[in-house]
Amino acid sequence: MRRGVLAASAVVLALLLSGCVSIPSSGKVQQGEPAPTDASSLDLDILVDPPIVDGTQQEILEGFLTAALSPRGNYQAAKEYLTPTFREEWQADESVTIDVLADREFEEVSDTERRLVATPAASLGDNGQYEIAATAPLDLNYRFEQIDGQWRISSAPPGIVIDQANFPQVFREYTLYFYDPEYRYLVPDSRWFAGRDRAQTSVVQALIAGPAEWLRPGVATAFPEGTELSPAAVPVSGRDAEVSLAGAAFDDLQATQRMQLQLDESLIGSVRNVGSVSLVLNGVESDAGVPPNPPARDPRVDPRPVVFDGETLGYLSTSGDGISPIDGLSEQVARLAPDGAAIGPDAETAAILDDDGVSMVTVGDEEPLPLDPREGLITPAYDRAGIVWSVPADKPTELVWFTSDGQLSGRVEVPWSGSSIAAIEVSRDGTRMLALLGDGTRTYFVVAAIERDADGVPVALGNVVLRLAEVEGVPLDVAWIDGRSVASLTRVGDDATRLVTQDLGGFASIRDGPVDGRQLDAGNSLRDVRVLTGSGSLVVQSGVGWQERAKGIRFVAAQLPG
């Protein structure tokens with residue numbers, strides 16, 4: 001108990017030393033970390049001091065940066081540090097720079113100007129999208145004027161600067177939902193907003209504005225063009241949020257039902273005080289409800305990993321000492337003795353990698369269908385439309401795909417760069433591609449949207465990627481954990497590895513992987529992440545270490561939901 005009290009005291013002391021006090025209005029006191037674990041469950045009121053009387057320019061600047069931790073009243077506390085004229089001009093919500101507090105430096109530019117040199121770790125756009133930032137220092141200039149003998153800021157960059165430790169105390173992550181182009185699945189889009197009193201309004205406005213730029217080519221929304229939130233706020237009464245929309249005809253019943261579902265999924269359970277959503281269209285309350293057969297959210301794969309031990313391709317038993325063959329595929333794959341594979345929709349096909357390149361094995365067919373004969377290919381990826389994706393390890397821009405009958409698409413323009421590519425995997429809803437790349441001595445992974453035509457056939461990858469965490473080392477593998485979380489595996493040194501897990505549009509967590517890890521696999525949660533070692537042991541996380549679950553495994557095959 002004493003240790004817990006000391007930890008809680010340390011949090012309060014750290015907040016006091018930083019010039020602000022965070023008072024939880026719900027939840028337990030927890031140690032402050034920039035990780036996403038339980039930060040979203042806390043609702044914090046940030047109390048900040050007003051400007052110091054006769055404060056120096058440096059004291060006013062530091063006070064302003066601290067006051068910007070309080071979004072209450074549209075950053076009213078921070079505006080007290082600005083001149084009356086500049087208060088009307090400053091756009092606090094335009095952007096957020098998340099920096100490393102220990103790296104902050106201040107410079108005197110002139111008698112009336114100071115510069116903050118910040119090392120950005122990430123940033124938020126005006127739509128609340130979280131993005132990993134380049135680590136190059138950022139110069140931010142602030143000008144000062146005296147108002148009634150007191151220094152005030154007369155010019156500052158738009159947006160706010162907040163350090164990594166305080167960011168999750170001020171901002172909360174919300175998940176917006178859009179659709180795949182066929183309206184079969186709900187696709188998540190994470191955003192971060194400050195100010196619990198207006199969270200529901202921020203979520204709805206972002207939902208109307210549409211998906212993040214990187215995601216837009218691969219998804220659809222039910223909100224018609226021209227839709228506006230009118231009035232521009234979402235009041236909540238008795239846990240019911242009233243969303244009043246205008247600016248469009250809203251005469252399509254199915255579209256109205258889909259709008260209702262997007263609102264329900266994005267608000268209920270995400271915004272703490274919302275339990276239901278009432279939709280008002282051009283002044284008339286809608287009673288359309290949600291679609292009778294709503295799209296699936298976060299489709300799940302079989303929790304058993306698909307493995308190949310040299311003799312059998314199939315599902316590994318819970319005990320780890322047996323493999324259940326996949327009927328019609330196991331024997332064919334065993335005859336070919338491949339180095340890797342991906343399992344197709346409903347486990348009726350498999351795309352395999354062997355010495356001859358990439359080929360397709362189908363239940364009922366005696367011979368494999370050759371697809372990609374190029375040298376140096378990585379393990380192919382399958383998607384729900386029956387498309388097989390293939391690319392050489394040393395030519396990451398030469399991505400191609402093949403239809404289920406073996407027809408070549410031609411080269412696909414990719415939105416990434418790098419000296420090598422180690423792995424690709426398509427999300428289980430078919431809307432996004434995950435890729436792990438090498439660039440010099442570093443490895444990083446990205447996600448790109450897959451644009452498809454009306455028949456579900458890929459047209460292109462979006463030209464903007466969501467760049468995720470990077471680490472030193474050699475890239476090994478990636479995997480989808482669920483609809484909004486991914487993982488990567490990187491070799492560091494001779495046989496050490498690093499496992500990175502990350503929410504798309506959120507934080508990354510980096511930990512030591514198993515010694516001599518080679519391949520990564522995931523089921524439906526972080527607990528299901530598995531790593532195959534060079535000795536053929538399939539290991540799972542156990543506390544701070546790794547525990548063997550099976551041995552004698554040659555590879556693990558990525559699978560799709562049934």
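Buried means under 20% relative accessible area, exposed over 50%, and partly exposed in between (1.4 Å probe, protein chains only). The model is predicted, so to speak from the outset: local features need pLDDT of at least 70, side-chain atom pairs count only at pLDDT 80 or more, and totals for chains, interfaces and linings use all residues. Residues are numbered from 1 along each chain as its sequence is written, and side-chain values use heavy atoms, leaving out hydrogens and water.

**Exercise 1. Work out which residues of α7 are buried, and what they pack against.**

Start with the helix: α7 covers residues 253–267, helices being DSSP runs of H or I, at least four residues, numbered from the N terminus. Next, the count: 11 of its 15 residues are buried. They are T256, Q257, R258, M259, Q260, L261, Q262, L263, D264, S266 and L267. Finally, the partners: these buried residues pack against β11, β12, α6, β15 and β16, where strands are DSSP runs of E, at least two residues, and contact means heavy atoms within 4.5 Å.

**Exercise 2. Describe how α6 and α7 meet.**

First, the geometry: the two helices pack at about 140°, axes 10 Å apart. Axes are lines fitted to C-alpha atoms over the stretch in contact, with angles from 0 to 180 degrees between N-to-C directions. That makes α6 oblique to α7, as under 35 degrees is roughly parallel, over 145 roughly antiparallel, 65 to 115 roughly perpendicular and the rest oblique. Then the residues: Q200, V203, V204 and L207 of α6 touch Q262, L263, S266 and L267 of α7.

**Exercise 3. Find what follows α7.**

Look just past the helix: G269 takes a positive phi of about 85°.

How values were computed:
Expected span 1.5 Å × (residues − 1).
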